[in-house]
Amino acid sequence: MIPAQFDYVEATSVADAIRLLAEHGDEAKLLAGGHSLIPLMKLRLVTPATLIDVTHIKELSYIKEDGNNIVIGALTRHRDIEESDLVKKHLPLVAHVAGEVGDPQVRNRGTIGGSLVHGDPAADLPAAALATGATMVIAGKNGERRISAQDFFVDFLETDVQPGEILVAIEFPKHTDAGWAYEKFVRRAMDYSIVGVALQLGAKPGVALVNMSNKPHLAVSASQAIGKGAAIADVLAVINDDTNPPEDLNATVEYRQHLARVLTQRAFATASK
Amino acid sequence: MTIRTSITVNGKDTSREVEARTLLVHYLREELGLTGTHVGCDTSNCGACTVLLDGEAVKSCTVFAAQIHDCNITTIEGAAQADGSFSPVQEGFRQEHGLQCGYCTPGMIMASTALLTENPNPTEEEIRHALEGNLCRCTGYEMIVNAVRWAAENPNFTSGGAK
Ligand SMILES: Cc1cc2nc3c(=O)[nH]c(=O)nc-3n(C[C@H](O)[C@H](O)[C@H](O)COP(=O)(O)OP(=O)(O)OC[C@H]3O[C@@H](n4cnc5c(N)ncnc54)[C@H](O)[C@@H]3O)c2cc1C
Ligand code: FES
Ligand code: FES
């Protein structure tokens, strides 16, 4: 469980991180909370030549209100999101989901940016970003650009972040006083979801599924149906549209699709309370 | 590549020239000889390596020593009180028999200590949630929960010095 050798450099600002990424090229990786990267490095599934430690960039750890948005810095830890009064008030789904990630030790180190860029279809926060209609803010040598959560997730563990770029913030539209629910189906307390459902109701509704595709999955037809005020049965009828669930020791494809329907139904029951 | 560390461990400043890939748990065990912090898995799941980083519970197998310069680490060796008495959590594990083989115990004690600092009077459910990241193969957790409750009920415990 000892990672392969690497060179270690520390970035002190976003500009510094972008400069270091350009300098060290493709073989370099950013190190945020390290709670996806270090386990992979210990198993030597990932062997970066250089780690660019961004954990000391204070300017990327914040939660602030900006008009109709809540903006969260990419290096904000799961725990700080879980405990934030601002997030609890305007994005209760996101606060709750942050508190469902792993265990307290994981939440004390892991960051929202790391979770999103890792792009694991089994992860929790990507589903919350999809259901709430978040926008990613990515910085590179040519400045900042924005991309919707839906377009951000490209494939298994692959996002739209290009070489030389860093995710700097996530802009969430406020969902104050709207119904929401997160159903995480696990066999053991700290596990990743076998299937999960993130449901946001209100003016801009969305439903996203965990572990139901090769990437974090926005259930587009179901989200549209909810937007049109469809009956729950009609939402459930299309919840598995375009899914491509994995088959593993925990569940077959059919069982995962069954779970997606059952959990969506439960999510509606909770969200409508 | 080597890095010079500067980490305060159990109140003492430590500094070593280590490989960049040195995990905090290896720094504690191999560089400092503090073998109370255990390694129980290869996957960051078990929590046996839990220490306090500036008062918060972290898995020391999932942090590089190079990353945490000028931070304060508390390990099980630093858990006891200044006069040598067990901490309330340590005494709780003794009174309630919160261990069998003891392998998970240092991590359990550090995670429980972090919990009680934030929430001095947790319910059983809160205790179970807070210890989600710590696995025990022996006890079935029942006695561990009782141990933490004992500590919550006896926050001023002291044995009046080392035994
Ligand atoms: C025991 C355990 C249980 C877990 N359980 C869950 C769970 O139940 N649900 C869940 O969702 N997750 C879980 N996780 C994963 C955890 O949430 C991680 O914290 C998260 O996936 C990665 O965030 P990080 O900050 O640790 O990123 P890192 O591990 O540091 O980085 C992950 C990847 O993202 C890149 N990266 C990081 N930040 C940026 C940035 N700002 N811009 C560009 N690239 C960046 C890195 O280069 C790396 O490739 C678990 C982890 C562990 C160890
Ligand atoms: S050794 Fe198992 S979590 Fe660190
Ligand atoms: S007492 Fe043996 S693992 Fe917990």
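Student: How much of chain B is made up of buried residues?

Tutor: Buried residues account for 54% of the 163 residues in chain B. Keep in mind that this is a predicted model.

Student: OK. Which helices and strands does chain B have, and in what pattern along the sequence?

Tutor: Chain B has five helices and seven strands. Going along the sequence, the pattern is β-β-β-β-α-β-β-β-α-α-α-α.

Student: What radius of gyration does chain B have, and what would a compact globule have?

Tutor: A compact globule of 163 residues would have a radius of gyration near 15 Å, and chain B has 16 Å, so the two agree. If you want dimensions, the C-alpha trace of chain B spans about 45 × 35 × 25 Å along its principal axes.

Student: What share of the contacts in chain B join residues at least 24 apart?

Tutor: Counting contacts between residues at least 6 apart in sequence, 57% join residues at least 24 apart.

Student: Let's zoom in. Where is B:Glu91, and is B:Glu91 buried or exposed?

Tutor: B:Glu91 is in helix α2 of chain B, which covers residues 88–95. The relative accessible area of B:Glu91 is 2%. Buried means under 20%, so B:Glu91 counts as buried.

Student: What about the rest of α2(B), how many of its residues are buried?

Tutor: Six of the eight residues of α2(B) are buried, so the helix is largely enclosed by the rest of the structure. The buried ones are B:Pro88, B:Val89, B:Gln90, B:Glu91, B:Gly92 and B:Phe93.

Student: What do those buried residues of α2(B) pack against?

Tutor: They pack against two helices of chain B, α3 (105–118) and α5 (142–153).

Student: And what follows α2(B)?

Tutor: B:His97 follows α2(B), and its phi is positive, near 55 degrees. B:Leu99 is in the loop between α2 and α3 of chain B.

Student: Tell me about B:Leu99, then. What is its relative accessibility, and what is B:Leu99 in contact with?

Tutor: B:Leu99 counts as partly exposed, at 28% relative accessibility. Leaving out neighbours within four places in sequence, B:Leu99 is in contact with B:Phe93, B:Thr105 and B:Thr139. B:Phe93 is one of the buried residues of α2(B).

Student: How far apart are B:Leu99 and B:Asn119?

Tutor: They are 23 Å apart from C-alpha to C-alpha, and 20 residues apart in sequence.

Student: Another one: where is B:Glu31 found, and how accessible is B:Glu31?

Tutor: B:Glu31 is found in helix α1 of chain B, residues 24–31. B:Glu31 is partly exposed, with a relative accessible area of 34%. Not counting residues up to four places away in sequence, B:Glu31 touches B:Arg16, B:Val18 and B:His26.

Student: Over to chain A. Which residues is A:Arg79 in contact with?

Tutor: Leaving aside neighbours within four places in sequence, A:Arg79 is in contact with A:Arg107, A:Asn108, B:Glu56 and B:Glu118. A:Arg79 is in helix α3 of chain A, residues 78–83, and counts as buried at 11% relative accessibility.

Student: Now the ligand. Why is the site of ligand 1 shared between chains?

Tutor: Because residues from chains A and B surround ligand 1. There are 29 residues around ligand 1, and A:Leu30, A:His35, A:Ser36, A:Thr111 and A:Asp124 come nearest.

Student: What's the shell around ligand 1 like by class?

Tutor: The shell has 12 nonpolar, 12 polar and five charged residues. In chain A, β2 (28–31), α7 (112–118) and β10 (166–173) each supply at least two residues of the shell.

Student: Which backbone atoms lie by the oxygen and nitrogen atoms of ligand 1?

Tutor: A backbone N or O atom of A:Leu37 lies 2.7 Å from an oxygen atom of ligand 1. A polar backbone atom of A:Gly102 is 3.1 Å from an oxygen atom of the ligand. A polar backbone atom of A:Leu167 is 2.9 Å from a nitrogen atom of the ligand.

Student: And how much of ligand 1 does the protein bury?

Tutor: Taken alone, ligand 1 exposes 980 Å², and the protein buries 96% of that.

Key. Residues are numbered from 1 along each chain as its sequence is written. Chains are lettered from A and ligands numbered from 1 in the order in which they are written. This is a predicted model: local features need pLDDT of at least 70, side-chain atom pairs count only at pLDDT 80 or more; totals for chains, interfaces and linings use all residues. Side-chain values use heavy atoms; hydrogens and water are left out. A residue is near a molecule or strand if one of its heavy atoms lies within 4 Å of it. A polar contact is a pair of N or O atoms within 3.5 Å; within protein, one must be able to donate a hydrogen and the other to accept it, and residues adjacent in sequence count only if both atoms are side-chain atoms. Accessible areas come from the Shrake-Rupley method with a 1.4 Å probe; for residues, only the protein chains shown count as cover. Helices (H or I, at least four residues) and strands (E, at least two) are DSSP runs, numbered from the N terminus. Ala, Val, Leu, Ile, Met, Phe, Trp, Tyr, Cys and Pro count as nonpolar, Asp, Glu, Lys and Arg as charged, and the others, Gly among them, as polar. The radius of gyration is taken over C-alpha atoms; the globule rule is 2.2 Å times the number of residues to the power 0.38. Buried means under 20% relative accessible area, exposed over 50%, partly exposed in between (1.4 Å probe, protein chains only). Contact means heavy atoms within 4.5 Å.
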